[in-house]
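Me: I would like to go through the terms used for this model and see what each one rests on. Please set each value against its definition.

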Amino acid sequence: SVCALTHVVTHNGRGDQVWKGTVLQSEHNLLEPAVAIASFYSDLSQPRLPALAVAAGPFVFIYRNLRPYYKFTLPPVDIDPQEAGVWADTKADTSRSDPQKLVEDLLSLRDNGVSLSSRSLDLLAIDEADVPARSAFVAEHRTQPLIQQTCITCMETIQKNMEEPDAVSCLVIGTERGQLLILDPSGTSVSHKVKAVPNPQRPSLIHKDDASIAGLLMLFDWARHGHV
């Protein structure tokens, strides 16, 4: 915990409040609804005061001394090369920007198990009878970089190399795309990345059976899919 008499709670989905006893000490707005909160020690400095991490959307907001310190942003998700190639063709050659052909190619990729980006899924969601809307969508997006962001679904902490309660720790993050990310102790960059499953499913819980990275066992609970 941050302090015996200090409590941090999420408020109205898009903010957190710091209370000391029954007195509100501070309030911080977030860009997205908070999904997880954790305290961790990022270094060996004295006195031993933990940092606070709040996960919301694609961000981890890190607080030190209960004040905003750093905002970590999840790295973009890798785009399947086949999907990237389809969009690249429409960018390189306007004659190949026919929305119907693009939709057929994307449908074929999806049916073959390719996890498509939000852009492609948005295109496929447009009514097939609304050709002008599909054409406008392709014209607007075909020259833009194909980037896919993801969101955090769960978060845990693990000690880096010791099991003491105040040992240096790392944040462990589960994402909408079925990834497991382990950040460095400072919480500013990814030190390890694991793709949990071939076909992404949203993890709702991370369980650790060991306090440190050594011998780490992580269990993703896909509660919404009936799998562990």
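Reply: Helices here are DSSP runs of H or I with at least four residues, and strands are runs of E with at least two. Counted in that way, the chain of this predicted model has four helices and 13 strands.

Me: What makes H3 and H4 roughly antiparallel to each other?

Reply: The axes of H3 (residues 118–125) and H4 (residues 131–141) cross at roughly 160°. Angles over 145 degrees count as roughly antiparallel, and the two helices are therefore roughly antiparallel. Their axes come within 9 Å, and the crossing of H3 and H4 is right-handed.

Me: Which residues make the contact of H3 with H4, and how do they divide by class?

Reply: H3 contributes Arg119, Asp122, Leu123 and Leu124, and H4 contributes Arg134, Phe137, Val138 and His141. By class, this contact has four nonpolar, one polar and three charged residues. Arg and Asp count as charged, while Leu, Phe and Val count as nonpolar.

Me: How do you know that the buried residues of H4 are on the same side of the helix?

Reply: The buried residues of H4 are Arg134, Phe137, Val138 and His141. They cover an arc of only 95° around the axis, and this puts them on the same side of H4. An α-helix has 3.6 residues a turn, so residues three or four places apart point the same way. Pro132 and Ala139 are exposed on the other side of H4.

Me: What do the buried residues of H4 pack against?

Reply: They pack against H1 (81–92), H2 (99–111) and H3.

Me: What is the crossing of H2 and H3 like, and what is its hand?

Reply: The axes of H2 and H3 come within 10 Å and cross at roughly 115°. The hand of this crossing is left-handed. On the H2 side the contact is made by Leu102, Val103, Leu106, Leu107 and Arg110, and on the H3 side by Ser120, Leu123 and Leu124. These residues divide into six nonpolar, one polar and one charged.

Me: Why is Met155 called buried?

Reply: Buried means under 20% relative accessible area. Met155 has 10% relative accessibility and therefore counts as buried.

Me: Where is Met155 found, and which residues is it in contact with?

Reply: Met155 is found in strand S8 (residues 152–159). Leaving aside neighbours within four places in sequence, its contacts include Ala36, Ile37, Ala38, Val54, Leu171, Val172 and Ile206. Met155 and Ile37 are 118 residues apart in sequence but 7.3 Å apart in space, C-alpha to C-alpha.

Me: Why is Thr73 called partly exposed?

Reply: Partly exposed covers what is in between buried, under 20%, and exposed, over 50%. Thr73 has a relative accessible area of 34% and is therefore partly exposed. Thr73 lies in strand S7 (residues 67–73). Not counting residues up to four places away in sequence, Thr73 touches Pro58, Phe59 and Gln149. Between Thr73 and Ala56, 17 residues apart in sequence, the C-alpha to C-alpha distance is 10.0 Å.

Me: How many residues are in the chain, and what share of them is buried?

Reply: The chain has 228 residues, and buried residues make up 39% of them. Among contacts between residues at least 6 apart in sequence, 46% join residues at least 24 apart.

Me: Which peptide bond is cis, and where is its proline found?

Reply: The bond from Gln46 to Pro47 is cis, with omega near -5°. Pro47 is in the loop between strand S4 (34–40) and strand S5 (51–56).

Technical notes:
Residues numbered from 1 in each chain as written. Predicted model: local features only at pLDDT ≥ 70, side-chain atom pairs only at ≥ 80, totals over all residues. Heavy atoms only, no water. Axes fitted to C-alpha atoms, helices over the stretch in contact; angles between N-to-C directions. Parallel < 35°, antiparallel > 145°, perpendicular 65-115°, else oblique. Left-handed = near helix turned anticlockwise from the far one by under 90°. Contact = heavy atoms within 4.5 Å. Buried < 20%, exposed > 50% of the residue type's maximum accessible area, 1.4 Å probe, protein only. Arc of directions from axis to C-beta.
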